[in-house]
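I opened this notebook to record what I looked up in the structure, entry by entry. The entries follow the order in which I worked.

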Amino acid sequence: MGDTVLTAHELRASYRGRQVLRGVRFDVEAGSLVGVVGENGAGKSTLLRILAGRQRPDGGSVVRRATLGYCSQQPVLNPSLTVDQHLRYFQLAYRLPGLDRALALLDRFAFTDRLGSRVRTLSGGTRQKLHLVLALMHNPGLLLLDEPYQGFDWETYLRFWRLADELRAQGTAVLVVSHLVFDRSRLDRIHHLADGTLHEAEPEAPSSRRELAR
Ligand SMILES: Nc1ncnc2c1ncn2[C@@H]1O[C@H](COP(=O)(O)OP(=O)(O)OP(=O)(O)O)[C@@H](O)[C@H]1O
């Protein structure tokens, strides 16, 4: 693992006086695969929005030292536009010279045949694939993913983790928010969010990680 690409310092957040985050601090290193787990309503999405700069914390600070890719639980897609139109829109936003990487990702997730389809005609899982492609197509150094495999079938789920492993190997930091316990074995570090603070939990032994189908 490498340099620290994300630092969260004493993050606090509350909604109408109810504290959700009570001083969250942690670092994420380049080339690491990190999980934030916690029960429904624990504050995981709130934390991720703050880390991505989409929500202002009530206290504390975030330092990002890499290009950000963010895949939220809120859809960023326009149902009336096609997959291709979304790619071109994000190409402009990211100032990319071409769509090579985006198209390779589409191919990887096996939905190149839907390039001309309007988003409203896509299944939930295919929309989620598009969300991921849009978060990844500019090759960010720091990837923040909120429940990224919701709606994925098993093969797509495995493809997701293979890709996450490759990104990690090329030095990308990948932070995945999930409430799914069986993801834990795939992660280098796991932080458990409970009562508004993060506690590092023990990942499973690396040997059992390798035994999982990838
Ligand atoms: N905009 C908001 N206004 C008021 N309360 C909010 C708002 N956003 C989140 N909350 C509350 O803050 C708490 C944490 O919500 P958050 O969505 O961050 O949790 P989570 O861990 O991501 O949950 P889940 O696993 O269900 O997605 C919840 O009790 C939620 O109801």
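**Entry 1: strand E6**

I began with the side-chain directions in E6: Leu 142, Leu 144 and Asp 146 point one way, Leu 143 and Leu 145 point the other way, and all of them are buried. I took a residue as buried if 20 or more other C-beta atoms lie within 10 Å of its own, as exposed if 12 or fewer do, and as partly exposed in between, with C-beta atoms placed from the backbone. Strand E6 spans residues 142-146 and is mostly covered, with 5 of its 5 residues buried. Helices (H or I, at least four residues) and strands (E, at least two) are DSSP runs, numbered from the N terminus.

I noted that this is a predicted model, in which local features need pLDDT of at least 70 and side-chain atom pairs count only at pLDDT 80 or more, whereas totals for chains, interfaces and linings use all residues. Residues are numbered from 1 along each chain as its sequence is written.

**Entry 2: partners of E6**

I then looked up the strands beside E6, taking two strands as paired if DSSP finds at least two bridges between them. Strand E5 (residues 68-71) pairs with E6 in the parallel sense over 4 bridges, and Leu 68 stands opposite Leu 142. Strand E7 (residues 173-178) also pairs with E6 in the parallel sense, over 5 bridges; here Leu 145 stands opposite Val 176.

I recorded that E6, helix H5 (residues 154-169) and E7 make a right-handed β-α-β unit. Right-handed here means that, with the strands pointing away from the viewer, the path from the first strand over the helix to the second runs clockwise.

**Entry 3: the sheet of 6 strands**

I traced this open sheet in the order E5-E6-E7-E3-E8-E9 and found mixed pairing. Its edge strands are E5 and E9 (197-201), each of which pairs on one side only. On average, neighbouring strands of this sheet are turned by 20 degrees against each other, direction ignored. For such angles, axes are lines fitted to C-alpha atoms, for helices over the stretch in contact, and values run from 0 to 180 degrees between N-to-C directions.

E3 and E8 run parallel and are joined by 4 bridges; the bridge partner of Val 34 in E8 is Arg 189. E8 (residues 189-194) and E9 run antiparallel and are joined by 5 bridges. I noted that E8 and E9 form a hairpin with 2 residues between them, and that Asp 195 in the turn has a positive phi of about 55 degrees. His 192 stands opposite His 199 in E9.

H1 lies across E3 (33-37), E6, E7 and E8, and runs at about 150 degrees to E6. H5 packs on the sheet and touches E3, E6 and E7; the direction of H5 makes about 145 degrees with that of E7.

**Entry 4: the sheet of 3 strands**

I found a further open sheet, of 3 strands, with the order E2-E1-E4 and antiparallel pairing. E2 (18-29) and E4 (59-64) each have a single partner strand, so one side of each is left without a neighbour in the sheet. Neighbouring strands of this sheet are turned by 15 degrees against each other on average, direction ignored.

E1 (residues 4-15) and E2 are joined by 9 bridges, and Leu 11 stands opposite Val 24. H1 packs on this sheet, touching E1, E2 and E4, and its direction makes about 125 degrees with that of E1.

**Entry 5: the ligand shell**

Which residues are around the ligand? I listed Tyr 15, Val 20, Gly 38, Asn 40, Gly 41, Ala 42, Gly 43, Lys 44, Ser 45, Thr 46 and His 179, each with its C-beta atom, placed from the backbone, within 6 Å of the molecule. Helix H1 (residues 44-51) gives the largest share of this shell, 3 residues.

**Entry 6: Val 76**

Val 76 counts as partly exposed because it has 13 C-beta neighbours inside 10 Å. Leaving aside neighbours within four places in sequence, Val 76 is in contact with His 131 and Leu 134.

Note on methods. Contact = placed C-beta atoms within 7 Å.
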